Structures are given as C-alpha cells and as structure tokens.
Amino acid sequence: MTEGEQPPEMWSGAPEKWIGEPVRVRHWIGDKRSRVEGTLQGVGDYGITVVRGEETRFFPWQAVLEIAPRSD
C-alpha cells in the first residue's frame with residue numbers, strides 16, 4: 001500500500017472489534033507464508049499490531065493474508 005491508501009475493504013470494521021482479543025494472523029514473510037497467534041493490540045491505516053508474550057509485532061496491510069479471531 002502507498003501512503004494514504006486504506007486497507008482492503010474486507011478488513012473494514014472487523015479488526016477494530018477484536019482489539020484486546022486473541023487472533024490468528026496469516027501473513028507473508030519474504031516470499032513465504034507464516035502464521036502468528038497473539039492479542040490484537042491495534043489497527044491502523046498502515047497495518048495491525050499483535051502482542052505475543054513479551055513480543056510486539058507490526059504487520060503492514062500488504063503482508064496480511066488473513067486475520068481471524070482465535071478460538072481455543
């Protein structure tokens with residue numbers, strides 16, 4: 001995404017409702033797909049922030065393949 005672009009329409013609204021909730025994020029890391037589970041900390045114009053234990057990770061929208069609530 002370039003500066004000022006909005007996240008894809010499919011993300012509209014849903015992630016904000018999940019802030020503070022456990023989520024599963026599928027994402028690109030280089031040319032490979034990966035997955036992380038953690039607590040959604042924030043959602044912004046440029047991406048999402050997920051906390052897992054002591055680690056906080058930022059995922060730009062162009063790297064996010066899927067975000068879903070985690071049900072254990």
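**Exercise 1. Which residue takes a positive phi in the hairpin of strand 3 and strand 4?**

Before you start: this is a predicted model, where local features need pLDDT of at least 70, side-chain atom pairs count only at pLDDT 80 or more, and totals for chains, interfaces and linings use all residues. Residues are numbered from 1 along each chain as its sequence is written, and side-chain values use heavy atoms, with hydrogens and water left out.

Solution. 
- Step 1: Look at how the two strands pair. Strand 3 and strand 4 run antiparallel and are joined by 6 bridges; strands count as paired if DSSP finds at least two bridges between them.
- Step 2: Go to the turn. Arg52 stands opposite Glu55 in strand 4, and the hairpin has 2 residues between the strands.
- Step 3: Gly53 is the residue with the positive phi, near 65°.

**Exercise 2. Work out the layout of the chain and the strand order of its sheet.**

Solution. 
- Step 1: The chain has 1 helix and 5 strands, taken as DSSP runs numbered from the N terminus (helices are H or I with at least four residues, strands are E with at least two). Along the sequence they read α-β-β-β-β-β.
- Step 2: Find the edges. Strand 4 (55–60) and strand 5 (64–69) each pair on one side only.
- Step 3: Strand 2 (residues 32–43) pairs with strand 3 (residues 47–52) in the antiparallel sense over 4 bridges. In strand 3, Ile48 stands opposite Val43, while Thr49 stands opposite Gly42.

What holds such strands together? Strands of a sheet pair through backbone hydrogen bonds, either parallel or antiparallel.

**Exercise 3. Find the salt bridges and say what each one links.**

Solution. 
- Step 1: Apply the rule, a side-chain nitrogen of Lys or Arg within 4 Å of a carboxyl oxygen of Asp or Glu. The count comes to 2.
- Step 2: Take the pair of Arg24 and Glu37, whose side chains meet at 2.9 Å, N to O. Arg24 sits in strand 1 (residues 22–29) and Glu37 in strand 2, so this bridge ties together parts 13 residues apart in sequence.
- Step 3: Now take Glu66 and Arg26, with the closest N and O atoms 3.3 Å apart. Glu66 is in strand 5 and Arg26 in strand 1, so the link spans 40 residues.
- Step 4: Check exposure, where buried means under 20% relative accessible area, exposed over 50%, and partly exposed in between (1.4 Å probe, protein chains only). Arg24 is partly exposed at 26%, as is Glu37 at 27%. Glu66 is partly exposed at 35% and Arg26 at 30%.

**Exercise 4. Describe the surroundings of Pro69.**

Solution. 
- Step 1: Pro69 is found in strand 5 and is partly exposed at 45% relative accessibility.
- Step 2: List the contacts (heavy atoms within 4.5 Å). Leaving aside neighbours within four places in sequence, Pro69 touches Trp18, Pro22 and Val23.
- Step 3: Compare sequence and space. Pro69 and Pro22 are 47 residues apart along the chain, with their C-alpha atoms separated by 6.1 Å.
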